[in-house]
Amino acid sequence: MLYLASQSPRRAELLTRLGLSFGRIDLDIPEHRQPGEPAVDYVRRVAREKAGAGLLKVVAAPGAVVLGADTEVILGDEVFGKPADAADAAAMLRRLSGRTHQAVSAVSVINAGREAQALVITDVTFADLHEDDIAAYVGSGEAMGKAGAYGIQGRAEQFVTRLAGSYSAVMGLPLYETSKLLRDFGIHPSAPATTASA
């Protein structure tokens, strides 16, 4: 059985789009970049740690396959995680305004015998944002709980002037690469999809 090592509603929604049945594992994995750790390596490591921790919770389940993922917004070598508060969210959006950043998404799939990973880097270009736009967006509450203080699937889509890569990866789970990884583990789309708690 497939398990998603995430409580992210966006990742669950995206995985459901593949027509897969899966359980969900609630984890609390610390997401702290190590000193000197390259940004992309950090994203890869967090995805792998989520998958590994998830497998430890369901390893007794026959045929358990666990998917862990991490998506971060990176500008230069700076990782923009989830904003601490509204002021932090506004500061992030000001930094992203009028610039191209990378949404880096790593997916790790693991079972008792093997592990595989995919990495997708998407270039996202923001328009020049006015202070009123930033204030309205932060005031909507949508910026909170999201890497880089924005959700491309919501109101922030209006800020994007160009996207080169995977839209679903920016949301949190690159569907093409995820589907390919899961097929390599013998998991193929099936309908109807259901979710369950693990």
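In this predicted model, ring pairs link Phe126, Tyr137, Tyr150 and Phe159 into a cluster. The count of aromatic pairs comes to three. In one of them, the rings of Phe126 and Tyr150 have their centres 4.9 Å apart and their planes at 65°, and because planes over 60 degrees apart count as edge-to-face, the pair takes that label. Phe126 belongs to strand β6 (residues 115–126), while Tyr150 lies in the loop between α4 (131–139) and β7 (160–164), so this pair ties together parts that are 24 residues apart in sequence. Both Phe126 and Tyr150 are buried.

Phe126 also forms an edge-to-face aromatic pair with Phe159, with 6.0 Å from centre to centre and 65° between the planes. Since Phe126 lies in strand β6 and Phe159 in the loop between α4 and β7, the pair ties together parts that are 33 residues apart in sequence. The relative accessible area of Phe126 is 2%, and with buried meaning under 20%, Phe126 is therefore buried; Phe159, with a relative accessible area of 5%, is buried as well.

Another ring is found facing a charge: the charged end of Arg114 sits over the ring of Phe185, 4.1 Å from the centre of that ring.

Ser105 is found in strand β5 (residues 100–110) and is buried, with a relative accessible area of 0%. The side chains of Ser105 and Thr71 are joined by a polar contact of 2.9 Å. Leaving aside residues up to four places away in sequence, Ser105 touches a set of residues that includes Thr71 itself, along with Val43, Asp70, Ala118, Leu119, Val120 and Pro174.

Terms used: Residues are numbered from 1 along each chain as its sequence is written. This is a predicted model: local features need pLDDT of at least 70, side-chain atom pairs count only at pLDDT 80 or more; totals for chains, interfaces and linings use all residues. Side-chain values use heavy atoms; hydrogens and water are left out. Helices (H or I, at least four residues) and strands (E, at least two) are DSSP runs, numbered from the N terminus. Buried means under 20% relative accessible area, exposed over 50%, partly exposed in between (1.4 Å probe, protein chains only). A polar contact is a pair of N or O atoms within 3.5 Å; within protein, one must be able to donate a hydrogen and the other to accept it, and residues adjacent in sequence count only if both atoms are side-chain atoms. Contact means heavy atoms within 4.5 Å. Rings of Phe, Tyr and Trp (its six-membered ring) pair if their centres lie within 6.5 Å; planes under 30 degrees apart count as stacked, over 60 as edge-to-face and the rest as tilted. A charge sits over a ring if NZ of Lys or CZ of Arg is within 6 Å of the ring centre and within 35 degrees of the ring normal.
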